[in-house]
Amino acid sequence: MTSTSTAPIAPIVITPPPLDRSRHAAPQVFEHLRELIIGMRLAPATVLQRAELAAQYGLSQTPIRDALIKLGEEGLVDIFPQHATVVSAVNVTLARQAHFLRRSIELEIVHTLAAQADAALVNRLRDSIEVQRVLAGRENYAEFVLADQAFHRQMYEAAQVPELWSMVRRQSGHLDRLRNLHVPIPGKTARVLRDHVAIVDAIAAGDPAAAQAALREHLSGTLAQLEEIRQRFPHYVKD
């Protein structure tokens with residue numbers, strides 16, 4: 001009779017940021033783990049052990065459990081009770097739904113901003129594009145993605161709908177993961193910059209139709225390249 005054994009799972013190493021003791025711990029753990037998952041620093045199929053995470057964050061298991069449940073509600077982890085919690089694959093269906101939501105909202109936002117043609121906003125957006133251009137030149141993709149998000153957030157704030165930005169971010173975990181896989185692919189950052197310039201030029205010209213056309217083209221990029229992303233990362237993406 002032969003015996004079989006399973007190799008132990010290598011522990012993940014997380015460097016948590018200092019916790020703000022004036023806030024509850026669980027939301028901070030959730031925010032940090034979500035950032036790691038969306039940034040693909042915790043890849044699909046990574047096993048998250050509650051006791052291990054508690055030790056690394058210097059917390060009891062209760063806030064860790066609560067953070068993992070919230071990640072499960074966003075579909076970013078798969079929870080197998082009494083067994084394990086595993087970082088989920090990128091769900092294309094959820095990514096498409098997030099894309100539909102974001103496109104619907106942002107088409108109205110750029111229409112509104114172009115109708116107003118605020119010169120100060122146009123200058124701020126162009127400054128943001130220059131920051132993105134520098135980061136793209138340095139191939140600093142993680143910071144480029146954050147600068148891209150800041151560019152879009154400015155438009156939500158200028159349209160006086162900042163709460164919608166928070167809602168879209170909550171729904172966009174899987175879409176953002178696809179984008180983080182896509183950004184390092186040659187040509188992607190150049191396309192983002194080109195699209196951002198077109199959006200801002202249309203806003204500056206007071207042309208709502210052109211702003212919407214540029215925005216529609218911009219937001220089509222990642223999903224249009226889905227097959228290329230699948231080929232590069234076949235184990236990371238599922239329908």
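The structure is a predicted model, in which local features need pLDDT of at least 70 and side-chain atom pairs count only at pLDDT 80 or more, whereas totals for chains, interfaces and linings use all residues. Residues are numbered from 1 along each chain as its sequence is written, and side-chain values use heavy atoms, with hydrogens and water left out.

**Overall build**

- The chain holds 12 helices and 5 strands, taken as DSSP runs numbered from the N terminus (helices: H or I, at least four residues; strands: E, at least two).
- The C-alpha trace spans about 75 × 45 × 30 Å along its principal axes.
- Of the 239 residues, 47% are buried (under 20% relative accessible area, with a 1.4 Å probe and protein chains only).
- The accessible surface is about 12,600 Å², and carbon and sulfur atoms account for 52% of it (Shrake-Rupley method, 1.4 Å probe).
- Among contacts (heavy atoms within 4.5 Å) between residues at least 6 apart in sequence, 74% join residues at least 24 apart.

**Helix α9 against helix α10**

- The axes of α9 (residues 188-204) and α10 (residues 208-219) come within 8 Å and cross at roughly 165°; axes are lines fitted to C-alpha atoms over the stretch in contact, and angles run from 0 to 180 degrees between N-to-C directions.
- The two helices are therefore roughly antiparallel (angles over 145 degrees).
- The crossing of α9 past α10 is left-handed, meaning that the near helix is turned anticlockwise from the far one by less than a right angle.
- Residues of α9 including R191, R194, D195 and H196 meet residues of α10, among them A210, A211, E217 and H218.
- The residues of this contact between α9 and α10 comprise 9 nonpolar, 2 polar and 4 charged (nonpolar: Ala, Val, Leu, Ile, Met, Phe, Trp, Tyr, Cys and Pro; charged: Asp, Glu, Lys and Arg; polar: the others, Gly among them).

**Helix α9 against helix α4**

- The axes of α4 (residues 92-116) and α9 come within 7 Å and cross at roughly 40°.
- V110, L113 and A114 of α4 make the contact with I199, A202 and I203 of α9.
- The residues of the α4 and α9 contact are 6 nonpolar, no polar and no charged.

**Residue I129**

- I129 lies in helix α5 (residues 119-137) and is buried, at 3% relative accessible area.
- Apart from neighbours within four places in sequence, I129 contacts F151, L193, H196, V197 and V200.
- I129 and V200 are 71 residues apart along the chain, with 9.4 Å between their C-alpha atoms.

Note on methods
Buried < 20%, exposed > 50% of the residue type's maximum accessible area, 1.4 Å probe, protein only. Parallel < 35°, antiparallel > 145°, perpendicular 65-115°, else oblique.
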